[in-house]
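Colleague: I have a structure to learn from. Could you walk me through it in short steps?

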There are 2 protein chains.
Amino acid sequence: MTQPNRLIRVDVYTGKIYQQALKEDYTHLGGRGLTAKLVAEEVPSRADPLGRENKLVIAPGLFAGTPAPSSGRLSFGAKSPLTGGIKESNAGGTAARALAGLGIKALVFEGKPAKENQWQILRLKEETAELLPAQELAGLGNYATVAKLKQTYGPRAAVISIGPAGEKGLPSASIAVTDTEGRPCRHAGRGGLGAVLASKGIKAIVLEPGTSRNLPADPKRFRALAGEFSQNLARTKTALTQQGTAMLVEIINHVGGFPTHNFREGKSPYAKELSGEKLVALCQARGGKNGHHCSPGCPIRCSNVYYGPDGQYLTAGLEYETIGLLGSNCGIGDLDAVAALDYLCDDLGLDTMEMGAALGVAMEAGLVAFGDVAGVKNLLEKIARGDPLGRLLGHGAALTGKILGAKRIPAVKGQGISAYDPRALKGTGVTYATSPMGADHTAGNCLPGRGNVDIHRPEGQVALSLTLQIISAFCDLAGLCIFVGPVPENLQTFDALLAAYLGGQVAAEDLGRMVLRTELAFNQGAGLGPETNDLPAFFREEPLGEKGLVFDVPREDLATIFGGI
Amino acid sequence: MTQPNRLIRVDVYTGKIYQQALKEDYTHLGGRGLTAKLVAEEVPSRADPLGRENKLVIAPGLFAGTPAPSSGRLSFGAKSPLTGGIKESNAGGTAARALAGLGIKALVFEGKPAKENQWQILRLKEETAELLPAQELAGLGNYATVAKLKQTYGPRAAVISIGPAGEKGLPSASIAVTDTEGRPCRHAGRGGLGAVLASKGIKAIVLEPGTSRNLPADPKRFRALAGEFSQNLARTKTALTQQGTAMLVEIINHVGGFPTHNFREGKSPYAKELSGEKLVALCQARGGKNGHHCSPGCPIRCSNVYYGPDGQYLTAGLEYETIGLLGSNCGIGDLDAVAALDYLCDDLGLDTMEMGAALGVAMEAGLVAFGDVAGVKNLLEKIARGDPLGRLLGHGAALTGKILGAKRIPAVKGQGISAYDPRALKGTGVTYATSPMGADHTAGNCLPGRGNVDIHRPEGQVALSLTLQIISAFCDLAGLCIFVGPVPENLQTFDALLAAYLGGQVAAEDLGRMVLRTELAFNQGAGLGPETNDLPAFFREEPLGEKGLVFDVPREDLATIFGGI
């Protein structure tokens with residue numbers, strides 16, 4: 001076999017590891033396509049997300065390890081402890097390619113450990129898979145965890161791990177994946193999947209290099225298409241290469257959608273200090289790096305390595321959404337402070353977006369002042385210690401706001417929204433309200449310039465969001481980073497790549513639709529039907545900025561968006 | 001008109017008060033029957049429970065002010081901030097009769113005040129209704145609130161009020177009703193309706209005596225039936241008259257269902273010290289009182305007035321459920337301590353059951369030790385102050401347990417269960433799991449001796465629970481206290497009373513079924529369909545006591561219990 005086809009099941013109750021050949025009709029699936037299918041088929045929709053019946057599925061994208069550009073996304077899927085619905089969250093880094101190199105199509109963790117707080121690692125290498133006791137890693141942050149594992153298993157091992165937030169079962173817990181320099185700074189952040197992996201008693205997964213290949217049916221044709229696509233990306237994504245996603249700070253601030261002070265404002269007094277330009281200047285002055293690739297062979301290279309004022313490493317992969325939510329939304333206008341908080345979240349294994357949104361509501365409720373960096377660090381340390389207040393914040397923006405009595409809680413289906421105010425980016429607002437994922441921007445981000453719509457007007461947003469949700473679902477299935485562009489203009493390329501890979505015609509859009517249908521059916525059973533498709537009332541009621549923007553896409557349209565899917 | 005027929009609507013946004021004549025087809029309704037109908041018809045099922053669209057409905061039972069025995073229950077209804085479903089919670093005291101005396105069939109509070117934290121009272125007297133500013137009452141406990149209002153409006157006024165917990169919007173907030181001595185010690189505790197009244201900016205309702213009458217269609221026949229029923233109750237309910245509901249401590253402990261240490265045990269080491277016998281002895285020794293009637297003319301007189309060791313008033317209406325949950329379940333085996341906590345909850349306006357369940361999980365999670373009375377008082381004071389931890393507890397057992405990471409959370413549909421372990425009282429367990437109210441014992445309490453079933457076995461429990469749920473719903477509609485007995489043996493009496501009151505044949509069971517159908521339809525729309533009918537897994541998995549009892553009524557039976565209703 002020249003394409004990955006091993007499905008590895010780990011029963012954490014018995015400790016047994018099974019290998020299965022892949023079902024025939026799953027060969028065209030990968031990433032979110034495979035996590036969605038397996039979770040929907042095998043997890044009861046009413047299962048306790050941290051209980052015996054839930055499963056955590058890890059699947060590299062269909063194109064992992066091929067020459068397809070930016071195809072190194074790794075999907076994690078389960079029923080989410082944050083949203084109560086089905087969830088896929090993906091991360092860059094080196095693990096997707098490593099799994100493909102081991103011929104693995106998916107890893108499935110099942111059951112519940114017989115004992116609590118007993119930690120294990122899963123070690124995978126050519127032809128073997130074993131669970132090993134790892135109690136010495138208990139309570140360690142992701143950085144120390146990875147450092148210890150690399151000592152034992154060598155610098156070439158890719159590591160997937162959780163931090164203390166995951167160990168404590170917090171629904172904001174992320175799963176970390178090592179980047180090309182072996183740092184645990186790429187995170188599958190959303191939906192608390194770190195807590196699900198923890199509920200299986202797994203602290204980390206070590207992937208030693210394998211020799212399997214992911215060979216397209218028509219390798220020559222595939223390579224030619226991939227090469228052309230790659231060159232095209234390298235040529236057109238120069239702003240991302242130069243500034244990384246921080247380039248969005250000034251763009252989104254310009255259109256009035258940069259979250260500030262718990263989404264009170266969309267034009268931020270901190271935008272200049274938090275901008276991509278500023279980030280690049282600091283990196284250049286201190287020996288940091290822009291144009292860094294998080295996964296091997298990525299032509300876009302939007303990541304960065306951020307050094308502090310002392311010229312020492314501070315964090316890596318400092319992204320727009322972190323800057324928007326942990327920075328401006330919390331009244332923090334200092335990139336060094338945001339970078340330090342990003343490191344702390346990465347180390348604790350916390351979603352920076354959920355934390356930024358949760359801290360924003362906590363600030364509005366008066367728990368800590370806007371802009372109080374020391375206060376925020378103190379709260380994050382409470383999370384590490386498992387203090388009640390820390391546990392509260394670790395449950396995310398929706399519950400933090402509810403318990404503290406905040407009036408404005410920017411969350412959908414229990415999950416904090418990302419760093420794009422839906423009053424200013426109405427298509428992204430539609431995605432937040434309707435995506436089976438909850439308020440993920442990655443599920444269909446209607447950025448300025450996408451589609452033939454005015455981002456500030458309601459017209460056409462539902463259709464645009466639906467199109468981008470379908471194509472984004474395909475990209476997540478293929479393991480393609482959303483920065484390749486989940487837009488109709490790329491469908492021809494996606495279809496051509498699929499045909500060359502599978503040796504038969506399958507439309508990318510059809511795969512995307514299938515993913516969404518699968519997820520929507522699961523959510524319906526879990527009590528998250530179309531009637532839950534809406535944004536918090538304050539986005540409809542409180543005008544934003546000079547234009548007085550409110551979110552005014554009709555509720556009926558949100559409830560019926562997937563009618564024809 | 002010789003029966004109450006005024007429907008008074010208070011629009012708290014405009015401050016306008018409207019009077020409507022009652023719809024013709026509502027004449028046979030009252031209490032829970034009327035709150036269910038009005039909430040289901042007028043509140044969108046997806047409404048924010050503390051928002052503009054929710055309404056708070058107050059309705060005396062159909063028989064309020066008639067000679068029907070124990071007919072003084074007052075129903076409060078709304079969409080619950082605790083369960084997210086429709087809710088009715090009722091209380092004894094003097095207000096139901098006072099409302100009937102004013103010819104009022106229901107009070108409906110609608111809208112949202114233009115300003116937050118501006119408190120008003122509603123003053124009702126013969127022919128007039130007015131909203132009056134009451135900022136001087138802000139932050140006061142129920143006792144001080146009532147004392148102030150009685151100074152102004154005289155000792156004969158009945159008062160409905162909320163405490164600081166309600167003002168803070170906490171989903172464990174109760175609504176207090178004054179008893180026959182004018183103490184705010186009768187509470188509509190369940191479901192957080194105090195927070196809903198607070199969301200309307202209403203601190204209290206003052207009812208001055210009126211002269212309207214509630215005259216049955218056939219007064220003579222009704223009086224004869226009522227007299228006979230009353231004598232029968234006085235003759236058969238002597239244990240309740242002597243010891244009050246505390247008589248249940250030893251009974252429920254004997255059958256192994258008295259909650260202890262967060263439902264770990266069902267036979268309590270504290271039972272003797274918390275028993276009805278002990279309570280009576282203390283009352284007798286100190287000048288307290290048993291055989292006290294909470295509402296005028298009640299022949300059962302199950303209430304009490306509890307004096308402390310210093311011979312001073314400590315609390316009144318100390319009930320079995322409070323003793324079970326704030327006492328034994330929290331490892332507190334001292335009646336004086338429980339009485340002091342009962343007073344504190346009554347004064348703050350907190351449901352003692354929800355607090356007992358929430359403190360139990362907090363104790364399990366290590367926030368405070370089992371039996372630590374000072375620690376519990378400290379936490380209740382945090383609720384009064386609005387501290388984050390206090391706010392957490394004030395959100396009830398389900399959220400407290402979730403946030404603190406407790407493994408055993410005794411709650412259904414977001415509401416803490418009452419003081420009957422469902423493994424030992426399986427019919428009551430069915431009621432917890434299936435009632436549209438969430439885990440209310442009053443919705444259909446399958447006490448030992450009710451129905452032809454073995455309380456410890458699963459057989460027959462679904463049928464028994466359904467029967468008692470139907471008859472209990474009728475009693476709540478009629479304003480009859482559940483201690484008259486919501487059992488088939490009383491249906492003939494209920495039907496006869498209905499016929500004499502209405503002047504036509506209506507079956508009590510049909511009314512009860514109608515109430516349940518109305519509530520179930522609302523809950524379906526609110527996302528609380530039959531798939532949510534279950535108990536927490538630990539009741540099915542953790543054996544209780546020597547007999548190793550688990551809750552083993554099949555899930556399918558819980559989901560289909562209302563099939564034929």
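Modeller: An open sheet of 6 strands lies in chain A, in the order E2-E1-E6-E3-E4-E5. Strands are DSSP runs (E, at least two residues; helices are H or I, at least four), numbered from the N terminus. Two strands pair if DSSP finds at least two bridges between them. The pairing in this sheet is mixed.

Colleague: Which are the edge strands of chain A?

Modeller: An edge strand pairs on one side only. In chain A, these are E2 (16-21) and E5 (86-91).

Colleague: Before we go on, what kind of model is this?

Modeller: Residues are numbered from 1 along each chain as written, chains are lettered from A, and ligands are numbered from 1, in written order. Local features need pLDDT of at least 70, side-chain atom pairs need 80 or more, and totals for chains, interfaces and linings use all residues, as this is a predicted model.

Colleague: In E5(A), which residue is the bridge partner of Ser75(A)?

Modeller: Strand E4 (residues 74-79) of chain A is joined to E5(A) by 6 bridges. The two run antiparallel. The partner of Ser75(A) is Asn90(A).

Colleague: Which helix of chain A packs on the sheet?

Modeller: The helix touches strands E3 (56-60), E4, E5 and E6 (104-110) of chain A. Contact means C-beta atoms, placed from the backbone, within 7 Å. The packing helix, residues 31-42, is H1.

Colleague: Which helix gives the most to the side of chain A that touches chain B?

Modeller: The contact takes 17 residues from chain A and 17 residues from chain B. On the chain A side, H14 (388-394) and H15 (396-404) each supply at least two residues. The most, 4 residues, comes from H14(A).

Note on methods. Contact = placed C-beta atoms within 7 Å. Axes fitted to C-alpha atoms, helices over the stretch in contact; angles between N-to-C directions.
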